[in-house]
Amino acid sequence: MLILDCPYCGIACDETELSPGGEAHLTRFGPGSSEDEFEGYLFMRENPRGVHFERWRHAHGCGKWFHAARDTMTMEVFGTYPAQTTEPPAELRKTISEKRPGWSWRDFS
Amino acid sequence: MTRYSAFAVAREAFRDHQGWTRAWASPEPKRKYDVIIIGAGGHGLATAYYLGKNHGIRNVAILEKGWLGGGNTGRNTTIIRSNYLQDPSAAIYEKARSLYEDLSQDLNYNVMFSPRGVMMLAQTEHEVRGYKRTAYANALQGVKTEFISPARVKEFCPIIEIRGPRYPVLGALWQARGGTARHDAVAWGYARKCSEMGMDVIQKCEVTGIRSDGGVVKGVTTNRGDIDCDKLGIVVAGHSGHVADMAGFRLPIESVALQALVSEPIKPCMDVVVMANTVHGYMSQSDKGEMVIGGGADGYNNYTQRGSFHHIEETVRALNETFPIISRLKMLRMWGGIVDMTGDRSPIISPTPLGNCFINCGWGTGGFKAIPGSGWATAEMIAKGASGPLAAEFGLDRFREGRFIDESVAAGVAH
Ligand SMILES: Cc1cc2nc3c(=O)[nH]c(=O)nc-3n(C[C@H](O)[C@H](O)[C@H](O)COP(=O)(O)OP(=O)(O)OC[C@H]3O[C@@H](n4cnc5c(N)ncnc54)[C@H](O)[C@@H]3O)c2cc1C
Ligand SMILES: [Zn+2]
């Protein structure tokens, strides 16, 4: 059972309280973007083996969106952070580096 | 290789079964092959088999990081059907289903294809309309299905409670020649034939890199050394994104866990396959008597081959209503597989941005049924260097062009 901390409520939520929202930090491309950009935004995914960043919603709680950093090979959760950001916080990246030296995800490492 | 037959069984019975030979060889990899297939699941093995059988290409290696069929091919609930809505899907799944009909004879290996009939229950008005539409579409596609009444559902499967209360059975889409097959046997049967044709089926050989020169594939790097090839087929299901990354391109795929479970064995009580898509559960009875139950997929990326327990709970809770008989059954085993879900939930059979490198993936929660047809189409693509009619609509470019094969939304089906 996956357990994530809701950064707003400050409580540990069982995954049945949450709904998954897919890959995090996607740039939304719209009209005027190139075909590559639009296809990438809509369909192309990192789908990494290892460190991953994703969006979750505290659906049966406060109802708000947040982010989580997780390892898809071990299910270890590195941390969660609020939705109002376009990149993982530096502190969390440091925590991940301690646990998974040399990790990278898109342009982050 | 020994030919399997009633005569062979009798002959061996007289000599203490000393005459059976190994079903396939386990050779060391050669330096170079005409074609390398990565992944010895059903789709990879079938691709190799039809490369040899239909196109005469036999200098082929199939590289598997684990053991034969240890991926999703050996983890699935073995439902075979071809009652899809869209024409490209109906064509390839029906090709596969019809190949299953005499696959045992073709491979000289009993894959235990059992066309016992597949019933997809309509438990909402929406599903009734959806399945009627599918039945009409199937009639035009030449796929034999029909929409049947609740009374006939009860006749085919007396253990179903058709009156609800929450989800009464309002009818069903019935495919009489759908059914099940033995999953391992499909992998083993293809592997044996590939080996017999002189191909190298190499287990415990993990591809860790893909080498190219000037945008054209040259070979692979493995834990057993470098192996060269003229053409490469990537057929690794849940690991497609990872292997595509080695080849330098991205995929519209996410890997998630899908689970199944079996009950303790009971006496025969159900001789059809029943799928209940509204409640995300489906069930059949194995030859050993276990009730084989499949559930829904998780909603987040995962490579651990373990899924969330609440999905099992939801599935069993929902099935309990439709099959009250299972409420006292003990569940014996549960397991998960990592399935490759595409943006439109339809598979990909396609050339790739890397020259002479082809990919077959994205079968997600429902590719066991497709194995022979998919192998047929992928072999044709690799042999000719371009997709044939069965594969044409399943190209990677459809995501860019918006030509989706909108099967999952249209038919509301999971498997
Ligand atoms: C629980 C469950 C129930 C299902 N039920 C059904 C059903 O009822 N009906 C149906 O039609 N389908 C069903 N499916 C889906 C079906 O199992 C799959 O679509 C199908 O088996 C995929 O076959 P494959 O050959 O593509 O993949 P796999 O069988 O997964 O084979 C891929 C192989 O590639 C190997 N590999 C990966 N990476 C590498 C590497 N780097 N080097 C070498 N080898 C590598 C893997 O070890 C694996 O053996 C179900 C799946 C699951 C998990
Ligand atoms: Zn909250």
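In chain B of this predicted model, residues 24 or more positions apart account for 75% of the contacts with a separation of 6 or more. Of the 415 residues of chain B, 54% count as buried. The secondary structure of the chain consists of 12 helices and 18 strands.

**Overall dimensions**

- A compact globule of 415 residues would have a radius of gyration near 22 Å, and the 21 Å of chain B therefore agrees with that expectation.
- Taken along the principal axes, the box filled by the C-alpha atoms of chain B is roughly 65 × 65 × 40 Å.

**Domains and their contact**

- Chain B is divided into two parts: domain 1 comprises 28-82 + 84-109 + 182-252 + 344-411, and domain 2 comprises 118-179 + 255-342.
- The centres of domain 1 and domain 2 of chain B, taken over C-alpha atoms, are separated by 27 Å.
- Contact between the domains of chain B involves 30 residues of domain 1 and 27 residues of domain 2.
- On the side of domain 1 of chain B that touches domain 2, at least two residues each are supplied by strand 3 (79-80), helix 3 (87-101) and helix 8 (240-247).
- Helix 3 of chain B gives the most to this side of domain 1, with four residues.
- By class, the side of domain 1 of chain B that touches domain 2 has 11 nonpolar, 12 polar and seven charged residues.

**Annotated span**

- An unreviewed UniProt entry lists residues 35-79 of chain B as "domain: Rhodanese".
- This span, residues 35-79 of chain B, is 31% helix and 20% strand, and its end C-alpha atoms lie 30 Å apart.

**Helix 2 of chain B**

- Helix 2 of chain B covers residues 42-55; at 1.5 Å a residue its 14 residues should span 20 Å, and the 19 Å between its end C-alpha atoms agrees.
- Of the 14 residues of helix 2 of chain B, 11 are buried, so that the helix is mostly covered.
- The buried residues of helix 2 include Gly42(B), His43(B), Leu45(B), Tyr49(B), Tyr50(B) and Gly52(B).
- Among the elements of chain B that cover these buried residues are strand 1 (32-38), strand 2 (60-63), helix 7 (183-196) and helix 10 (371-384).
- Strand 11 (225-234) and strand 18 (357-361) of chain B are also among the covering elements.
- Just after helix 2 of chain B, Gly56(B) takes a positive phi of about 65 degrees.

**Contact with chain A**

- Chain B places 19 residues in contact with 18 residues of chain A.
- Two or more residues on the side of chain B that touches chain A come from each of helix 8, strand 12 (253-263), strand 15 (291-301), helix 9 (309-322) and helix 11 (398-401) of chain B.
- The side of chain B that touches chain A has, by class, six nonpolar, 10 polar and three charged residues.

**Arg306(B)**

- Arg306(B) is found in the loop of chain B between strand 15 and helix 9.
- Not counting residues up to four places away in sequence, Arg306(B) touches Ala257(B) and Gly336(B).
- From C-alpha to C-alpha, Arg306(B) and Arg398(B) are 31 Å apart in space, and they are 92 residues apart in sequence.

Conventions: Residues numbered from 1 in each chain as written. Chains lettered and ligands numbered in written order. Predicted model: local features only at pLDDT ≥ 70, side-chain atom pairs only at ≥ 80, totals over all residues. Rg over C-alpha atoms; globule rule 2.2 N^0.38 Å. Buried ≥ 20, exposed ≤ 12 C-beta atoms within 10 Å, placed from the backbone. Contact = placed C-beta atoms within 7 Å. UniProt positions renumbered as here; feature names shortened; annotations may be inferred. Domains from an automatic or database assignment. Nonpolar A, V, L, I, M, F, W, Y, C, P; charged D, E, K, R; others polar. Expected span 1.5 Å × (residues − 1).
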